[in-house]
Amino acid sequence: MPDIIFLLIAGTAVFAGALVQGTVGLGLGLLAAPVVAIADPSLMPGSMLVASMVTPLMTLWSEGRHVDWRGLAWGLPPRIPGSILGAWLVAVLEPRLLGLVVGVMVLLAVAATISAVTVRVTPVSLMSAGMISGVTGTATSIGGPPLALLYQHSPGPTVRATLGAYFVIGAGISLATLQLGGQLTGEQLIAGAALIPFVIAGYFVSIPVRRRWGAGGIRTALLGVVSLSGVVLIVRALA
């Protein structure tokens, strides 16, 4: 079992990330992955991939009817070769360098998430997003922003449900790829399972938050914290 200090630090980040993801459709990996990578790089990315599957499953339970299955049919297949490349990065990078990759990807993901750029949802853009998401999701557990950028102007339920379906299937592909490549450890699986109660709590808190305050203010504040976490990861890796 992970020690109590790790659980308190990572659990708090996972709770906040699940709250954001339950509100806007993504955020668990963005917020929690940098914290886990700082607390114990050896537990990345498997622990976060395990924990990150819970919120989308709960989202699909409540909003599954809004999934854009046609879009997923284009976006999911390229996730497989992307995941293979991501698993290779995990194999060749030391934990410290993987922390650097996580930090850079966090900042790029934040930039993409808040970008005013509109990218049309087409088969080409969906396949490109799926490929990129496979690489980043497997290597760093942060795979949502490429697809989220495409769906950012869709209705909230469509965004949350479609990203939820993608996260569940995509995380399964990434975990299988890491397992086949020998980069998935028992410690990562145990740590991910230990973080699940924090994910569930964050999701249930997100329901009244989503209804009462909306997503804008929460996302803005926490993206600032996420950006700071990414900077800290980069500084630690380069120090």
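**Entry 1: the largest cavity**

I sorted the lining of the largest cavity by residue type and got 8 nonpolar, 8 polar and 1 charged. Here Ala, Val, Leu, Ile, Met, Phe, Trp, Tyr, Cys and Pro count as nonpolar, Asp, Glu, Lys and Arg as charged, and the others, Gly among them, as polar. The model is predicted: local features need pLDDT of at least 70 and side-chain atom pairs pLDDT 80 or more, while totals for chains, interfaces and linings use all residues. Residues are numbered from 1 along each chain as its sequence is written, and side-chain values use heavy atoms, without hydrogens and water.

I then looked up the volume, which is about 190 Å³. A cavity is a set of points on a 1 Å grid over the protein atoms alone where a 1.4 Å probe fits but cannot get out, and lining residues have an atom within 4 Å of a point. Of the 17 lining residues, Ser-141, Ile-142, Gly-143, Gly-144 and Phe-167 are the closest to the centre. Helix 2 (28-39) and helix 10 each supply at least two lining residues; helix 2 gives the most, with 3. Helices are DSSP runs (H or I, at least four residues), numbered from the N terminus.

**Entry 2: helix 4 and helix 10**

I checked the axes of helix 4 (residues 54-63) and helix 10 (residues 156-181), which come within 8 Å and cross at roughly 135°. Helix 4 is therefore oblique to helix 10 (under 35 degrees is roughly parallel, over 145 roughly antiparallel, 65 to 115 roughly perpendicular, the rest oblique). I listed the contact (heavy atoms within 4.5 Å): among its residues are Pro-56 and Leu-60 of helix 4 and Gly-164 and Phe-167 of helix 10.

Conventions:
Axes fitted to C-alpha atoms, helices over the stretch in contact; angles between N-to-C directions. 1 Å grid on protein atoms, 1.4 Å probe; cavity = no way out; pocket = protein on both sides within 12 Å on 5 of 7 lines; lining within 4 Å. Points joined across faces, edges and corners; volume = space filled by probe spheres on them.
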